[in-house]
Amino acid sequence: MFRITLCLICLSGIAFGKGRISFHADPVTENGSFVGPKIFYEKNPTSLTTDISVVVMTGGIDDPIDKLGLSNLVGEMILRGTKKKNREKFQSDLERMGASLSANVSLDTIQFSGSVIKENTSKFLALLEEALLKPAFSEKDFFELKREVLNDIKHIKNSNTRLGGLAARLEMFKGTPLEKPVMGSKSTVEKITLEDIQKKYNNSFDRPKIIFAAAAPFPESDMTESFSRIWRQFPDGVKPTKRLIIPKVPEKPTLIVVHKPKTSTGSLFFAQAGITIQDPERYTLNTGNFSFGGEPLVSRLFKTIRGELGWTYAIGSSYASIGGLSNQQGLYTISSTPSMEFTSKTIFKTLEMWRSYVNEGLSSEEMDLAKDSLVNSYPFEFESAAKRVSHKLSSFLYSIPILTPEEFAEKIGAISNRKLKAALKEKQKSEGWLIALVADKDVIAKDLEEYQKEIPKEQRLTISRIYTPDELVN
Amino acid sequence: MKKINLIGVTALFIFSYSVFSADYEKIADKKLFNGEIISEFKLTNGLKVIFLPRHEAKVLTFQTWFDIGSLNEKLDAKLKKTGLAHLFEHMMFRGTDKYPDGKFDEITSRIGSDKQNATTYFYRTNYYESIPSNQFKKLLELESDRMANLKLDSNILEKEKGAVVGELRRALDNPGRLAWDELNRTVYEVAPFRYTVLGTEEEIKGFTLEEAQYFYKTFYAPNNAAIIVVGDTNEAELMNLVVKFYGEMKPQEVPRYVMPEEPIQKKERKVEKTHAQATSDILLVGYRIPAVSSPDIVPISLLSTHLSTGMESRLRKALVDTGIAVGASCGVSNVPDYLEFSVSLAENHKADEALVIIDREIEKLKTQLIKKDQLERALNQELLSLYNGIEDNSSVASMLGDYLMISGNYMRGFEIIEQYKKVNPIDLKNMAKKYLKKEYRSVVVVKPQPKKSSRS
């Protein structure tokens, strides 16, 4: 199923693939300007559903530091009833017509994504309009939602793979809205009041911040008319402003441990500064990362640490690990879950392989493979109407030019190892890793001590801090 | 836009016929509710081919399904243990004489493959990828080569065991996974569903090259496999290529096993475990239900949707909205056949609380008819799911392959949804009374380990 969601994961940027794939005959269209609604639409005559997305250009980055999670609660409260329909009636009407509607909050946006059986599109739009313009914001629903979100936050403690990410964020973004996920933490969510929700809604749901996107089997004019009607009812406002938060990167590899008892694997999360979605070197760095660790099965990390050494089931690297590429620099990360007895070895081997990559780049075979694969597989990003609309939407939100297939192939084709090494030197750190490990602290301490006996003191890793899971979600 | 309130799946027309060529037989063309035609073929060596053409984009999904999973190996006289089917799935990526270790992945990646991977389950193993359609010939060459000419190397087997042990340990660190393994062990006293697909660490480490060779030769035969293709090619091209690359393969004698008869459950079974990684309770409840081919599966499936799908589902309202759980669901499991209730409790709430609520909801189903609008909600949520899923080549290919493996009828998923329209509230009540009996269920609770006296 293809829902219209922001295409933030695709690091190659917004570009059509090489001309081996032809695209749908009906191009994505753009309507309006700042005096009218911004709408991205593609007619998909064969579709049995209508997919709609409404994006509000505010997100976790705008939340007050002591009330992180506010945008997330606003998004969810929009789905919990209207002035005319209580939550039960709203959800029942929605689901009975064969529709779904969800709110997804990122650092930059609150996105409402919906899908409905095509015959009920009009009814769905009417309900969406009511939800966006006349949300109920009832005390009872707010109480229940807050309780649900707090339960979700506490439940993260069950997930070893997520805890490593939380620890890294806390260390590298301390004191900024990025120190916690957009869902917030126990202490920040507890502070949010219904008045905060209403105020955030009043200040953020205005014309300049709202964008519409849809893929449906109907003429464009039908959809634009509905979207325009909704848009006109919002108040005037101001365009969102950008704010860039820079992560704090350690000078040398720094190990922190999140203690979970009796783990049979270590959940590893290496992090250093990443790049923004607009970074001019994103094509080069993505191509390099593909063969270093980004692509399972063929990457250097995978082939060595899993294929050759058999230390782990999974290992990979990514520029999009904290919610996808965005206006924020985010993190570049390497994740793995080696068996406990191989965890220390995996840490040191990964660091060794990273140093080699950051200094030497890729071999010519690795570079060719990455370039061929990226160019040949890119058309999958555009295989459906919903995906094409998503890319248009992201292009607008993040001011990224849309490349033609020829331009994209040319850009990838022009990447050389010399350019990659220069980009790595400029953007990445050879030693500046924060390594968050979720594991039994006593076992890993002993394992590290044993493993490092032969390593010179100045190169040894020590555990610089031990977190409990409670500390990370509080 | 049109305002049409009448919702329903249009009629399903089926044309069955046989067209013979020297190398294969066309079995049937089957028309889907959306007008698309699915074609079925069979090569003379027994290989099944299911094809759904689509030309919106010049891409296609290719899947290979083998009628072999952990059930077979446990019942096989020469193996009698589990884990090899899964370990072997890993080995299928580790090279042939023509394409040595690493080459398969390298070439498929280079030609632009998307979502390439493989999975193993109790009753089947599948391999899948999507590719630009102009690379179809190359892909078939690679796929058929590893199906016929895999080179099994003991050094590589030992390395791959490390990765698989890592996979097993990662699973064991997940309390939810432990709960599910326990549920299968509790529901089944005899049938090999009670043994995990991944096997034990001891079993994985103990597999020999000879066992792997036996497994490959015995089960990876064309008459034990099916190919599913959805996307941008045509019948002539497809069958020419399939015959060219797969036509020479020889059928094998594939052992068929009789599943040990599971004794009829006469009383409720309960198991409680602790897990060092868990920070809150997990509750799983399994009620034995009939196989997917049974007509009862239709109302049972709709019953599970009523209970589980959407914000208005009964379980969400009773367990999540009340703050007792962070997640609650109910779903039909085919092979093993049971209706599974799954609840992740919120901290400070206990599995017993959730079980009382599930019992209360089940009692309501047995004593009250669900309202017409609730039935309409369940039906339309199923349709939305179908309509969204069918647009994705990979999703529809997986649906066809999975139903082929569990029932021999790849159209069964569509048939079930088509038959939903005939279900009424009385059917749902009858199903609840017939199958959701305490004496037919197994209950598994996984709890956090009790905290020792404070030690940071």
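**Figure 1. The two domains of chain B.** Chain B consists of domain 1 (17–246) and domain 2 (269–448), with bounds taken from an automatic or database domain assignment. Their centres, taken over C-alpha atoms, are separated by 28 Å. The contact (heavy atoms within 4.5 Å) takes 43 residues from domain 1 of chain B and 40 residues from domain 2 of chain B. The model is predicted: local features need pLDDT of at least 70 and side-chain atom pairs count only at pLDDT 80 or more, while totals for chains, interfaces and linings use all residues. Residues are numbered from 1 along each chain as its sequence is written, chains are lettered from A in the order in which they are written, and side-chain values use heavy atoms, with hydrogens and water left out.

**Figure 2. The largest nonpolar core.** A nonpolar core is a set of buried Ala, Val, Leu, Ile, Met, Phe, Trp, Tyr and Cys residues joined through side-chain atoms within 4.5 Å; buried means under 20% relative accessible area (1.4 Å probe, protein chains only). The largest such core has 88 residues, and B:Ile38, B:Leu283, B:Leu319, B:Phe341, B:Val343 and B:Phe414 have the most contacts inside it. Helix α13 (residues 372–390) of chain B gives the largest share, 8 residues; helices are DSSP runs (H or I, at least four residues), numbered from the N terminus. Because domain 1 and domain 2 of chain B both give residues to this core, it lies between them. Among the residues that B:Phe341 touches are B:Leu283, B:Tyr287, B:Leu315 and B:Ile362, not counting residues up to four places away in sequence.

**Figure 3. Helices α10 and α16 of chain B.** Helix α10 (residues 297–308) and helix α16 (residues 425–435) of chain B pack at an angle of about 95°, with their axes 9 Å apart. Axes are lines fitted to C-alpha atoms over the stretch in contact, and angles run from 0 to 180 degrees between N-to-C directions. α10(B) is therefore roughly perpendicular to α16(B), a term for angles of 65 to 115 degrees. B:Pro299, B:Ile300, B:Leu302 and B:Leu303 in α10(B) meet residues of α16(B) including B:Leu428 and B:Met431.

**Figure 4. The two domains of chain A.** In chain A, the assignment gives domain 1 (29–232) and domain 2 (254–473). The centres of these domains of chain A, taken over C-alpha atoms, lie 30 Å apart. In their contact, 41 residues of domain 1 of chain A meet 34 residues of domain 2 of chain A.

Terms used:
Buried < 20%, exposed > 50% of the residue type's maximum accessible area, 1.4 Å probe, protein only. Helix = DSSP H or I, 4+ residues; strand = E, 2+ residues; numbered from the N terminus. Parallel < 35°, antiparallel > 145°, perpendicular 65-115°, else oblique.
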